[in-house]
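Subject: Structure for you to look at

Dear colleague,

Here is the structure I said I would pass on. My notes follow below it.

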Amino acid sequence: MIRRLQAVALDCPDPLRLAEFYAALLGGRVVPDPDDPEWVEVHGFEGTPLAFQRVQDYRPPEWPGQRTPQQMHLDFDVDDIEADEKRVLELGATVLERTDELYPETNWRVYADPAGHPFCLCQH
């Protein structure tokens, strides 16, 4: 039987840079693998650790297009979407879509991290 999800790993061109982004976003800490410089994790926040692995010739996903599909994305619960949007943009994210402004019945916005992975801030 599987005990728990150990980590969610994302491909990227610069694992340390992306780990630093998510550590700042989540209040976690960067944990490099001393035996593998191509692998860096983020620990110390509530939830499953994130891991980042270097991939040669990395191509970021397209959103909302599917020529290079996203394959997965991360959703984060927030209390104040405006304040948290400001914070993620200061950390290096870019806005892909303010879904809640386009469709008033929704409660999320879509961003890209510095490596181009889509993620959402979801107001609850």
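I begin with T99. Setting aside the neighbours within four places in sequence, T99 is in contact with T106, W108, R109 and V110. T99 lies in helix α3. Is T99 buried or exposed? T99 is buried, with a relative accessible area of 3%; the cut-off for buried is under 20%. Please bear in mind that this is a predicted model.

Next, the sheet. Four strands make up an open sheet with mixed pairing, in the order β5-β8-β7-β6. At its edges are β5 (74-78) and β6 (94-97), each of which pairs on one side only. From one strand to the next, the twist averages 35°. The pairing of β5 with β8 (residues 118-123) is parallel and runs over five bridges. Within that pair of strands, D75 has C120 in β8 as its bridge partner.

Two helices lie across this sheet. Helix α1 (residues 15-26) lies across β5 and β8, and runs at about 25° to β5. Helix α2 (residues 81-91) lies across β5, β6, β7 (108-112) and β8, with an angle of about 0° to β7.

I went through α2 in more detail. Which residues of α2 are buried? They are I81, E85 and V88. These residues are on the same side of α2 because they cover an arc of only 70° around the axis. What do the buried residues of α2 pack against? Their packing partners are α1, β5, β6, α3 (99-102), β7 and β8. On the face turned away from the buried side, α2 carries the exposed residues K86 and E90.

The two ends of α2 are also worth a note. At the start of the helix, a side-chain oxygen of D80 comes to within 3.2 Å of the backbone nitrogen of E82. After the helix comes G92, which has a positive phi, near 120°.

To put the pieces together: α3, the helix that holds T99, is one of the elements that the buried residues of α2 pack against.

Regards

Notes:
Residues are numbered from 1 along each chain as its sequence is written. This is a predicted model: local features need pLDDT of at least 70, side-chain atom pairs count only at pLDDT 80 or more; totals for chains, interfaces and linings use all residues. Side-chain values use heavy atoms; hydrogens and water are left out. Two strands pair if DSSP finds at least two bridges between them. Axes are lines fitted to C-alpha atoms, for helices over the stretch in contact, and angles run from 0 to 180 degrees between N-to-C directions. Contact means heavy atoms within 4.5 Å. Buried means under 20% relative accessible area, exposed over 50%, partly exposed in between (1.4 Å probe, protein chains only). The arc is that of the directions from the helix axis to the C-beta atoms. A polar contact is a pair of N or O atoms within 3.5 Å; within protein, one must be able to donate a hydrogen and the other to accept it, and residues adjacent in sequence count only if both atoms are side-chain atoms.
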